[in-house]
Amino acid sequence: MPYPSPPRIPSGPRRRTLLASAAGAALLAGCTSGAGSGGDDSSATERAHAQAAADSATLLGRYDAVLTAFPDLAERLRPLRTEVAAHAAAFREGTTPTATPSGSPSASPTPVPVPATSKDALASLAAAERALADRRAKALLDVPGESARLLAATAAAGAAHAYLLTTGAVK
């Protein structure tokens, strides 16, 4: 019975080490490129936060309109509305007071008409959540680090809300 040859010890770094080093360098470069680059990134971030806060406020107004028209949906919609309000607050934290004036109503200036049936109202909310999630997913490509993570998290939450609104699984 022949014995297997002894394992060959490669000279130099291993392939896994090189790949891990390259991936780590790419991650570090991606994380640090936005932090040290001046005011352009911060103004883009502030604009993205102001837009996201306004979008969340508009969506909050839609929830309020549906809840006013269909109070029997309150138990189903209250948890989602609470999360949308938290999203609006999270985005307002990163903006200047002039971006979202205090004392302004949380709803959009022109009220959105509520569909005639509760089923259509839920479908309308789901469509609004889905559209907002899509816009946020696109916007996160233009902002650095923590702002991109916040946009990604709220986009994912919006997609989950749309799913819950269409399946009837909200409790």
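The legends below describe close-up views of a predicted model.

**View 1. Helix α3 and its buried residues.** Helix α3 runs over residues 74-93, and its 20 residues reach 28 Å from the first C-alpha to the last, which is close to the 28 Å expected at 1.5 Å a residue. The residues of α3 that are buried are Ala74, Arg76, Leu77, Leu80, Val84, His87, Ala88 and Phe91.

**View 2. The packing of helix α3 with helix α4.** Helix α4 spans residues 118-139, and α3 packs with it at an angle of about 30 degrees, the two axes lying 13 Å apart. Angles under 35 degrees count as roughly parallel, and α3 and α4 are therefore described as roughly parallel to each other. The crossing that the helices α3 and α4 make is left-handed.

**View 3. The residues that join α3 to α4.** On the side of α3, the contact is made by Arg76, Leu77, Val84, His87 and Phe91, while α4 contributes Leu122, Leu125, Glu129 and Arg136. Sorted by class, this contact of α3 with α4 has five nonpolar residues, one polar residue and three charged residues.

View 4. His161 has its place in helix α5, which covers residues 145-167. Because its relative accessible area is 3% and residues under 20% count as buried, His161 is classed as buried. When neighbours within four places in sequence are left aside, His161 is in contact with Tyr63, Leu80, Glu83, Val84, His87 and Glu129. Among these partners, Val84 and His87 of α3 and Glu129 of α4 also take part in the contact between those two helices.

How values were computed. Residues are numbered from 1 along each chain as its sequence is written. This is a predicted model: local features need pLDDT of at least 70, side-chain atom pairs count only at pLDDT 80 or more; totals for chains, interfaces and linings use all residues. Side-chain values use heavy atoms; hydrogens and water are left out. Helices (H or I, at least four residues) and strands (E, at least two) are DSSP runs, numbered from the N terminus. The expected span of a helix is 1.5 Å times one less than its number of residues. Buried means under 20% relative accessible area, exposed over 50%, partly exposed in between (1.4 Å probe, protein chains only). Axes are lines fitted to C-alpha atoms, for helices over the stretch in contact, and angles run from 0 to 180 degrees between N-to-C directions. Angles under 35 degrees count as roughly parallel, over 145 as roughly antiparallel, 65 to 115 as roughly perpendicular and the rest as oblique. A crossing is left-handed if the near helix is turned anticlockwise from the far one by less than a right angle, and right-handed if clockwise. Contact means heavy atoms within 4.5 Å. Ala, Val, Leu, Ile, Met, Phe, Trp, Tyr, Cys and Pro count as nonpolar, Asp, Glu, Lys and Arg as charged, and the others, Gly among them, as polar.
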